[in-house]
Amino acid sequence: MSNRDYLGEFEHIVVLALLRLGDRAYGVTVRQEIEARTSREVSIGAIYATLDRLEAKGYVKSRLGDPTPERGGRSKRFFRVSAKGVKAVNRTHRALQSMTSGLDLVRSYS
Amino acid sequence: MMTKPSLVQPPRLAVWLVNLFTPYEQSESILGDLFEEFSDLASKSGEALARRWFWRQSVKTVAHLIATGFLVVPWLIAGTVVGGWLLCWVFYWSTQKAVVALLYKYQVYAHIDAYVFWLIYAVLIERLIEPFIIGCIIAVAAKGREMVVTMTFGLIIGVWSGAGLAHFRPHWSESNFPLLLTTFVSPVMFVIGGGIVREIRSAMSRRPSATHS
């Protein structure tokens, strides 16, 4: 893996939501967590497209839970961030911090 | 007071649409998540609001899945569209040759009205059945992305045919109407073929999960 592999904006948000939710992270909770914290309505399709991309990169792992009646007998798919994913989120975070350090964003650009 | 779990069902058409465009491996989790939130919302805020929410989520999800299809498997889509185009030429050419050969063999040309009738209607049937078969074939090749591929292909053929028709507009006449009509129905037949393949595959993929617990 290259050291230049940074997370995209939405990927970053999704990984942070997974880290916040821990064992409770699946489609519904991830979507609601993002909506609650960013006030941005996201579709479940967008969440899964991003999670699948992250899983393909090895940043996230998933497992199927048991089917439940309120889901029409369908299983939940739980997600967790892998060690590689944690490294990627840290790298992205450091890059953003480095880019924003010294900038007075509120005063200079508002 | 305890909230009773909602027995309200989400809009069937929306569920069908999401199922049609979702890759199999995501189908169970995406629909399950939508059902869960719908059920929760219906018991808290009422059926009308929950249905509106479900439709909004479904439309956004389908749009996202279509866009993602182009990003994730661009070569599969391009390959099946080119393959479908070649199949069209082979099918159309061979069927028209076969129809004309049959008409000559049985000497239908001796009766000019019957000849024109069979020639036109055989070509009309061909223009409806063949796109359907080609839609099925390219959908089989594009496993998991049946709808994106057949819709893209239908759109390309529709635009191509439309441009051709516009070019020959001065030669249009009333007798060409059935032919004009099938030109616009053909792209829809590709999509119907793709949809049927998708439905069959979807039903087959649900079978093993019915035993999974």
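From the N terminus on, chain A runs α-α-α-β-β-α-α. That order holds 5 helices and 2 strands. Helices here are DSSP runs of H or I with at least four residues, strands are E runs of at least two, and both are numbered from the N terminus. The C-alpha atoms of chain A fill a box of roughly 55 × 35 × 20 Å, taken along the principal axes.

This is a predicted model, where local features need pLDDT of at least 70, side-chain atom pairs count only at pLDDT 80 or more, and totals for chains, interfaces and linings use all residues. Residues are numbered from 1 along each chain as its sequence is written, chains are lettered from A and ligands numbered from 1 in the order in which they are written, and side-chain values use heavy atoms, leaving out hydrogens and water.

**Helix packing**

Axes are lines fitted to C-alpha atoms, for helices over the stretch in contact, and angles run from 0 to 180 degrees between N-to-C directions.

| Helix pair | Axis distance | Angle |
|---|---|---|
| α1(B) (residues 12-21) and α2(B) (residues 24-45) | within 9 Å | roughly 155° |
| α1(A) (residues 9-21) and α3(A) (residues 44-57) | 10 Å | about 85° |
| α3(A) and α3(B) (residues 47-72) | 7 Å | about 35° |

Take chain A. α1(A) is roughly perpendicular to α3(A), a label for angles of 65 to 115 degrees. From α1(A), the contact uses F10(A), E11(A), V14(A), V15(A) and L18(A). From α3(A), it uses A46(A), I47(A), T50(A), L51(A), R53(A), L54(A) and K57(A). Contact means heavy atoms within 4.5 Å. By class, these residues are 8 nonpolar, 1 polar and 3 charged. Nonpolar covers Ala, Val, Leu, Ile, Met, Phe, Trp, Tyr, Cys and Pro; charged covers Asp, Glu, Lys and Arg; the others, Gly among them, are polar.

In chain B, α1(B) and α2(B) are roughly antiparallel to each other, the term for angles over 145 degrees. α1(B) passes α2(B) in a right-handed crossing, with the near helix turned clockwise from the far one by less than a right angle. V15(B), V18(B) and N19(B) of α1(B) meet S27(B), I30(B), L31(B), L34(B) and F35(B) of α2(B). This contact has 6 nonpolar, 2 polar and no charged residues.

**Between the chains**

How many residues of chain B are in contact with chain A? There are 22, and they meet 24 residues of chain A. The area buried between the two chains is about 2,000 Å², with 49% from carbon and sulfur atoms. Buried area is the accessible area (1.4 Å probe) that two parts lose on being put together, summed over both. In chain B, D33(B), E36(B) and E37(B) lose the most area to chain A, together 26% of what that side buries.

**Salt bridges**

Over all chains there are 15 salt bridges, each a side-chain nitrogen of Lys or Arg within 4 Å of a carboxyl oxygen of Asp or Glu. Between chain B and chain A the count is 4. One salt bridge joins D33(B) and R71(A) (2.6 Å, N to O). Within chain A, R40(A) pairs with E9(A) (3.0 Å, N to O). R40(A) lies in the loop between α2 (27-38) and α3 of chain A, and E9(A) in helix α1, 31 residues apart.

Conventions
Angles under 35 degrees count as roughly parallel, over 145 as roughly antiparallel, 65 to 115 as roughly perpendicular and the rest as oblique.
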